Amino acid sequence: MRIITPEQLETALPSLPSNPRIVTQGSFGTPRALLALLDAAIAEYRLFIVNGLGALPDRDGVRIETTFVGSGLRGNPRVDYYPARLSVTPKLFTSTLPPDVVAVQTSRVIDGKVSLGIEVQVLPGAIEALKARGGLLVAQINEEMPFIQGDGVLDVSDIDLAVEITEPVPVAGDIPIDDESAALGERLAAMIPEGATLQMGIGALPGAVLKALGGARRLRVWTELMADGFHHLALAGVLDPDHPITATFAYGSAEMYAWADNNPQLRLLRCETTNSPGMIAQQPAVTSINTALQVDLFGAVNATRVQDRIISGTGGQADFVVGALHSPGGQSIIALKSWHPKADRSTVVAKLSEATTSLQPSWVVTEQGAARIFGASQRDQALGLIGAAHPRAREQLTAEAERMGLLS
């Protein structure tokens with residue numbers, strides 16, 4: 001590893017191919033200072049980033065590629081979306097999207113090693129593909145980034161160039177839990193058996209579920225996102241101490257990051273492992289809780305598009321739906337409020353008009369009730385979903401179900 005100053009980066013860069021592809025961390029681990037330096041040094045390039053958030057390079061000469069459109073990319077005409085489940089996204093680096101540069105943010109150096117910190121996900125696969133091509137690995141060493149164990153630990157000899165730039169690691173603010181989310185959280189928590197393995201994301205609804213689990217014991221965590229709720233469960237003694245929390249990226253409070261720093265109770269693994277349906281299926285009683293924009297009476301789920309416009313991506317939902325269903329005692333739950341207040345419409349619809357993100361979870365749960373999907377006939381499935389819909393939508397849904405022959 002050759003450490004240089006930020007001012008030296010442009011002249012230190014080796015000759016790169018025309019319009020090189022740069023792969024970087026997304027979500028909350030993006031090396032923003034390093035990206036700004038590379039953007040100033042390279043006139044034209046492609047930037048691959050999963051779940052790009054906040055301000056990102058946006059100018060002529062820059063094309064952004066992604067398999068998950070984060071809030072910083074929505075509606076941007078310079079974005080190329082590549083539909084792919086998270087578990088197989090790294091395969092793109094050895095096929096159609098080979099990297100020329102990988103730009104990462106790392107922790108401080110400990111015993112000749114650094115950690116990718118809170119964002120591992122697709123990066124190990126990208127680095128392996130890069131090394132096979134003889135590409136350039138550039139790092140921003142950030143003293144504020146926690147050193148987290150797992151697949152994100154790199155030997156400093158793997159890094160070609162490094163700049164030492166300290167900047168704050170994004171922290172999660174408090175997410176208020178409204179009455180509907182609290183009620184739904186209680187309903188979902190009651191569905192989680194003792195000794196279950198949990199997967200869920202971030203937001204008011206997952207927060208409500210985790211808050212309602214305070215009295216549980218010996219739960220395990222195998223998930224995509226390590227969030228504050230899991231940290232609180234660990235502190236409360238709810239989690240099985242013999243099984244570390246397994247995730248692929250993290251986002252939470254400063255307290256959670258301090259707890260995570262070099263803590264053997266947390267490991268961040270590559271997404272090919274965390275999101276492998278086969279690996280998920282090996283965990284006991286997986287209870288996977290994900291949300292969606294819409295579900296229809298056929299058990300199809302839309303979590304990615306609004307009026308045909310991509311607003312996120314397939315991500316890991318389909319991975320965990322399949323993996324949980326194959327887990328011994330496992331279940332996949334799609335949880336959502338029955339009415340979308342901004343769109344002023346039911347989230348349970350007769351038939352999706354948008355692309356399907358996933359299909360046939362175990363349950364669809366709203367604040368109105370729980371509808372069994374897997375193991376129910378199409379008639380009982382439709383009746384359950386109508387019962388879980390908002391009262392304002394039930395009459396029309398019943399009429400549509402009858403028209404489609406679901407209730408005969």
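Two strands are taken to pair if DSSP finds at least two bridges between them, and the strands themselves (E, at least two residues), like the helices (H or I, at least four), are DSSP runs numbered from the N terminus. The structure is a predicted model, in which local features need pLDDT of at least 70 and side-chain atom pairs count only at pLDDT 80 or more, while totals for chains, interfaces and linings use all residues. Residues are numbered from 1 along each chain as its sequence is written, and side-chain values use heavy atoms, with hydrogens and water left out.

**Strand S17 and its partners**

In S17, Thr287 is the bridge partner of Leu198; this pair belongs to the parallel arrangement of strand S11 (residues 197-200) and S17, which four bridges join. S17 is also joined by four bridges to strand S22 (residues 331-335), again running parallel, and here Ile289 stands opposite Ile333. Strand S17 (residues 286-290) is mostly covered, five of its five residues being buried, where buried means under 20% relative accessible area, exposed over 50%, and partly exposed in between (1.4 Å probe, protein chains only). The cover extends to both faces of S17, with Val286, Ser288 and Asn290 buried on one side and Thr287 and Ile289 buried on the other.

**The eight-stranded sheet**

Eight strands form an open sheet with parallel pairing, in the order S1-S10-S8-S6-S2-S3-S4-S5. Strand S1 (2-4) and strand S5 (79-81) are the edge strands, each pairing on one side only. Neighbouring strands of this sheet are turned by 25 degrees against each other on average, direction ignored; axes are lines fitted to C-alpha atoms, for helices over the stretch in contact, and angles run from 0 to 180 degrees between N-to-C directions. Within the sheet, strand S8 (residues 136-141) and strand S10 (residues 161-164) pair in the parallel sense over four bridges, and Gln140 stands opposite Val163 in S10.

Helix H2 (residues 32-41) packs on the sheet and touches strand S2 (21-24), strand S3 (45-48), strand S4 (62-66), strand S6 (101-106), S8 and S10, while its direction makes about 130 degrees with that of S8. Helix H3 (residues 123-133) also packs on the sheet, touching S2, S6 and S8, and its direction makes about 140 degrees with that of S6. Contact here means heavy atoms within 4.5 Å.

**Individual residues**

Gly134 is found in the loop between H3 and S8 and is exposed, with a relative accessible area of 64%. The C-alpha atoms of Gly134 and Ala36 are separated by 23 Å, the two residues lying 98 residues apart along the chain.

Met1, in the segment before S1, is partly exposed, with a relative accessible area of 33%.

Most residues other than glycine have a negative phi.
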